[in-house]
Amino acid sequence: LGIRTISLKRYIDFDETGISLEKCNRTKGSSYTGIRVRKSGHYTKGQKLTVLYAYEPGDPTLPAHVDGSIESPRRWYRIIEDAGTDQVTFSDFVDHVLTRLEGSGLPIDMERVLLWDNLRSHLTGLVYNTVYGRPSPNQFTFIPRPPYQPKYGPTEYHFAELSAQLQHDVQPEW
C-alpha cells in the first residue's frame, strides 16, 4: 500500500551497517597439531567495515528480468574501511545512487522518495542540498523511516542475509 499514500515502487531505502571480526578460529590449516607456526593473518580483530546500501523494491510495470523490475530490483552499495558514516560519506553515496538512477536509461517516475533512519549524518544540510538542490527534471524528496517498522525497511532483511552468509562462508585464508 505504501507509506503516506505514496506507492512502494517510488521508494529507495537507504541504510548502513558495520561488520567486524570478533573472533578468529585459527585451529584449521597451518601445521600439524602441536607444532607452533608464526603466521600473520589476512585480517585483524577489531577492523570494522561500514556497508552503505540502497534498495529499490522494483516497478511492476517493467518487464521481468529488466533492471528495476520486481524480479530484478536495483541495489547500490558501498563498502568503506571506517567505522561509522559521516555526512560527506553519506551525501556522496546518495549522489552516486541518484546519478546512477538518472543515467540508467529506464523510465523513472518524476517523484522518487528516499527513505532512511534519523541518524544525525542523514539529516544535515549537505545531504539536504544533495537531494533537493539537484539539477534534475525528477523530483527527489526524503522522509525518515517510520520508527520500529522493519517491513518498510527491506535493507534490514538484506543485512541479516549478509551476516548469515558471512558467518557460514568465512574461510581461514581470507
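## Terms and basis of the model

A residue is called buried when its relative accessible area is under 20%, exposed when that area is over 50%, and partly exposed in between, with a 1.4 Å probe and protein chains only. The accessible areas come from the Shrake-Rupley method with a 1.4 Å probe, and for residues only the protein chains shown count as cover.

The structure is a predicted model, in which local features need pLDDT of at least 70 and side-chain atom pairs count only at pLDDT 80 or more, while totals for chains, interfaces and linings use all residues. Residues are numbered from 1 along each chain as its sequence is written, and side-chain values use heavy atoms, with hydrogens and water left out.

## Overall architecture

The protein chain contains three helices and five strands. Helices (H or I, at least four residues) and strands (E, at least two) are DSSP runs, numbered from the N terminus. Their order along the sequence is β-β-β-α-β-α-β-α.

The protein chain has 174 residues, of which 34% count as buried. Its accessible surface comes to about 11400 Å², and carbon and sulfur atoms account for 52% of this. A contact means heavy atoms within 4.5 Å. Among contacts in the protein chain with a separation of 6 or more, 70% are between residues 24 or more positions apart.

## Strand β4

Strand β4 spans residues 111–116 and includes glutamate 111; tryptophan 116 also belongs to strand β4. Tryptophan 116 counts as buried because its relative accessible area is 0%. Apart from neighbours within four places in sequence, tryptophan 116 is in contact with Phe14, Phe90, Val94, His122, Leu123, Val127, Val131, Phe142, Ile143, Pro144 and Arg145. One of these, phenylalanine 14, is 102 residues away along the chain, yet the two C-alpha atoms are separated by 5.1 Å.

Glutamate 111 counts as partly exposed because its relative accessibility is 27%. Residues up to four places away in sequence aside, glutamate 111 touches Ile6, Arg10 and Gln139. Between glutamate 111 and phenylalanine 140, 29 residues apart in sequence, the C-alpha to C-alpha distance is 5.9 Å.

Not counting residues up to four places away in sequence, threonine 85 touches Glu16, Thr50, Leu52, Phe90 and Ser121.

Serine 91 lies in helix α1. Serine 91 has a relative accessible area of 4% and so counts as buried. Beyond its neighbours within four places in sequence, serine 91 is in contact with Leu126, Val127 and Thr130.

## Surface features

A patch of negative charge on the surface is formed by Glu81, Asp82, Asp86 and Asp92. Patches are made of residues with over 30% relative accessible area and no salt bridge, like charges being joined within 9 Å and nonpolar side chains (Val, Leu, Ile, Met, Phe, Trp, Tyr) within 5 Å. A salt bridge is a side-chain nitrogen of Lys or Arg within 4 Å of a carboxyl oxygen of Asp or Glu.

Histidine 65 lies in the loop between β2 (48–55) and β3. Histidine 65 counts as exposed because its relative accessibility is 71%. Although histidine 65 is not a glycine, it has a positive phi of about 65°.

Notes
Lys and Arg count as positive and Asp and Glu as negative; His and the chain ends are not counted. The place of a charge is taken as NZ of Lys, CZ of Arg, CG of Asp or CD of Glu.
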